[in-house]
Amino acid sequence: MSSSSLKNRLLVALALTIPWRAEARPWSEDVIYFAMTDRFHDGDPTNNRPPGSDPALEDPAQENIGMYHGGDLRGLEQAIRSGYFEALGVTALWITPPVRNVWRSGFDLGGPKTGYHGYWTQDFLDIDPHLTSASSMDGKEYPAGTEGRMQHYRDFVELAHSKGLKIIQDSVMNHAGPVFYYDADGDGVFDVGEKDEWIQPFKSDGFHANAKWANVPKWNLKQTEPTGTRTLLGKKIETKGVLSDLGVYGRKGFSHNSLGQTNGEEVTCDFFSLRDFWTAGSGEHFDRLVDEYVEIYAFYLLEVGVDGLRIDTVKHAHHEFWDAFTERLRKRLGDKAADKILFGEVYDGSPEKLGQYTWRSDAPENSEPCIDSLLAFQLCFAMREYLRKPGDEFGDPKVIEGAMKAFADGKYPDGRYFYNRTPGPDGLNSLQKSITFIENHDGLNRFRVDGVSERRHQLAMAMVMTLPGIPCLYYGSETAMHDTRGRIGEDSETGRMTLWKRGDAPDLADVKALPSFATITRLAEARRKYPALRDGEFRPLWSDGGDRAEDDGMFVFARVMQDQSKSVVVAFNASAKPANTGPINLSEVFPAGAATAGEMLVGEGEASFSGGKISVPAGSAVLFRVVDAQ
């Protein structure tokens with residue numbers, strides 16, 4: 001199918017009601033969709049090779065996951081206009097960092113790669129030309145250069161808002177891209193074929209004094225920007241050029257096990273060939289660095305209009321840096337801080353380690369929130385242990401029960417809960433704004449790899465949408481995207497595939513008919529209908545005990561509201577045969593004499609809730625709600 005026919009078919013606008021203003025909706029009521037922009041859809045092939053760039057960095061076949069595939073803001077805009085995300089039930093888009101990147105690194109995990117993903121920043125106040133178009137969707141010509149690219153980004157945000165969608169911008173403050181090299185041989189020339197000029201071993205004392213700015217235009221490999229004050233969208237941005245000062249970088253190098261350390265080395269090392277900023281509170285440039293980032297991200301949040309930041313590599317920067325950044329940014333935002341969210345990525349399964357970043361480093365003396373919330377990796381790992389199994393196998397759902405208990409009730413030795421209960425500017429605390437997910441672009445890879453069925457994938461989506469927190473879907477979830485190169489139990493990036501290839505996307509009516517798309521839509525509707533799925537307290541009711549065959553694969557929990565008549569019960573059966581619980585004491589959840597009605601979320605067949613016992617068909621998830629007993 002040609003690009004023009006795709007535009008005519010996929011992008012036919014739906015007749016929609018006027019949406020609720022995005023900024024007026026509490027974050028606890030949102031459903032997030034995480035899109036790797038380069039991998040969603042190539043809406044504008046003319047930007048695939050920016051002028052002067054190395055043409056070898058693009059893969060026209062959109063197969064090599066280390067190369068650019070062409071996905072861009074226009075591809076997302078077309079989907080927004082078509083009603084794609086609204087039909088899915090999504091209310092917020094989290095996009096990978098849109099800023100201008102270094103376009104190639106000679107050494108990264110697995111060898112040479114490109115910056116298609118957006119995490120290798122070269123200019124923090126420019127949008128990458130791979131992502132932007134020369135004109136708007138309505139034909140308005142954008143100015144050339146940085147101003148035009150920023151105008152396109154603002155138009156993208158405004159279009160999303162017009163459809164009731166919030167935009168979350170991924171942000172990286174721990175490091176820049178490979179903007180400088182280590183002059184290992186002292187000749188003053190970047191020898192791009194030599195690994196030791198990309199990566200030097202970690203230096204525990206001092207720093208490598210041989211760091212020099214790179215200059216490889218075809219890879220946009222050069223000094224970090226902005227280098228000073230910049231005016232964009234009619235706004236003077238008072239940046240000081242802090243990020244273009246080599247003295248602000250640690251320059252300590254990287255060793256194979258640096259990132260996995262817990263002795264502080266993971267905080268001060270480079271990230272492969274990426275260049276780590278020195279974020280220690282005692283650092284000479286600490287305040288300048290914090291203030292520079294506040295100036296930059298206040299511009300995106302206030303002038304461009306993005307609704308939140310997802311903060312990358314939180315545990316690899318000093319905790320006091322996040323204290324200062326979040327405090328000063330909220331002060332800068334003023335009343336607007338109540339509309340925004342700041343959530344972080346800490347790749348760790350310990351709620352104790354995750355939750356510490358919802359507290360300031362000077363807690364408990366200061367109980368104000370630091371980062372609003374975190375991606376709930378501990379819950380993600382537990383859900384995958386239960387559901388991400390080959391064939392008809394399933395794991396122990398008790399791991400989810402344990403993860404939830406530690407998440408909600410775990411405490412530090414000084415008596416503080418792991419997750420800060422102090423409300424943020426919006427009145428919600430870190431538990432209420434925790435991000436629930438089961439797959440992403442990191443080493444976790446896609447949920448669905450060889451051996452994992454689409455039905456099992458739908459059960460996983462049902463769990464994400466019914467457990468506490470703000471649910472987050474990974475792009476491709478709606479098609480049950482299958483990574484044939486990924487393996488259960490292996491970490492890899494093989495799931496970073498293109499979702500809708502050039503000339504290969506169906507129209508919206510076809511997409512809506514896909515089983516997983518329809519399932520997610522139904523789950524999103526259930527979240528809208530039943531406040532308990534958004535706000536209810538989690539209470540486990542039954543987990544497969546392993547000592548009786550009748551309940552094999554069963555996991556049942558309640559989402560309990562203060563008005564117990566609004567509570568719901570959600571029951572999962574991951575086995576390949578019908579299963580039932582033993583008697584469950586529901587007297588504290590449902591009023592005496594109330595009856596229950598079941599609503600199939602995933603699967604088909606008859607489910608029942610009788611005599612305190614719950615029966616669920618094979619491979620299914622069911623929601624039970626209170627109805628009038630009369």
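Biologist: Where is R527 found?
Modeller: R527 is in helix α15, which covers residues 515–529. Keep in mind that this is a predicted model.

Biologist: Is R527 buried or exposed?
Modeller: Buried, because its relative accessibility is 2%. The cut-off for buried is under 20%.

Biologist: Which residues is R527 in contact with, leaving aside its neighbours within four places in sequence?
Modeller: The list is S28, D30, V31, M465, G469, P471, L533 and R534.

Biologist: And what separates the C-alpha atoms of R527 and V449?
Modeller: A distance of 27 Å. Along the chain, R527 and V449 are 78 residues apart.

Biologist: New topic. How many salt bridges does a search of the whole structure find?
Modeller: The search finds 43. One of them pairs D138 with R81, where the closest N and O atoms are 2.6 Å apart.

Biologist: Which parts does that pair tie together?
Modeller: D138 lies in the loop between β6 and α5, and R81 lies in helix α3. So the pair ties together parts that are 57 residues apart in sequence.

Biologist: Does D138 count as buried or exposed?
Modeller: Exposed, because D138 has 64% relative accessibility. R81 counts as partly exposed, at 28%.

Biologist: Let's stay with α3. Why is that helix largely enclosed by the rest of the structure?
Modeller: Because 9 of its 10 residues are buried. The helix covers residues 73–82.

Biologist: Which residues of α3 are buried?
Modeller: They are L73, R74, G75, L76, E77, Q78, A79, I80 and S82.

Biologist: What follows α3?
Modeller: G83 does, and its phi is positive, near 90°.

Biologist: Back to salt bridges. What about D126 and R149?
Modeller: Their side chains meet in a salt bridge, at 2.8 Å from N to O. D126 is in strand β6 and R149 is in helix α5, so the pair ties together parts 23 residues apart in sequence.

Biologist: Are D126 and R149 buried or exposed?
Modeller: Both are buried.

Biologist: Where is Q122 found?
Modeller: In strand β6, residues 121–127. Q122 is buried, because its relative accessible area is 0%.

Biologist: What is in contact with Q122, apart from neighbours within four places in sequence?
Modeller: R100, N101 and V102 are, along with V179. The list also has N220, K222, Q223, T224 and E225.

Biologist: Next, K212 and D183. What do their side chains do?
Modeller: They meet in a salt bridge, at 3.2 Å from N to O. K212 is in strand β10, residues 211–213, and D183 is in the loop between β9 and α6. The pair links distant parts of the chain, 29 residues apart.

Biologist: Last one, the surface. Which residues form a negative patch?
Modeller: D185, D187, E194 and D196 form it.

Biologist: Where is the place of D187?
Modeller: D187 is in the loop between β9, residues 180–182, and α6, residues 195–198. D187 counts as partly exposed, because its relative accessibility is 39%.

Notes:
Residues numbered from 1 in each chain as written. Predicted model: local features only at pLDDT ≥ 70, side-chain atom pairs only at ≥ 80, totals over all residues. Heavy atoms only, no water. Patch = residues over 30% accessible without salt bridge, like charges linked within 9 Å, V, L, I, M, F, W, Y side chains within 5 Å. Areas by Shrake-Rupley, 256 points an atom, 1.4 Å probe, with all protein chains shown as cover. Salt bridge = Lys/Arg side-chain N within 4 Å of Asp/Glu carboxyl O. Lys, Arg positive; Asp, Glu negative; His and termini not counted. Charge placed at Lys NZ, Arg CZ, Asp CG, Glu CD. Helix = DSSP H or I, 4+ residues; strand = E, 2+ residues; numbered from the N terminus. Buried < 20%, exposed > 50% of the residue type's maximum accessible area, 1.4 Å probe, protein only. Contact = heavy atoms within 4.5 Å.
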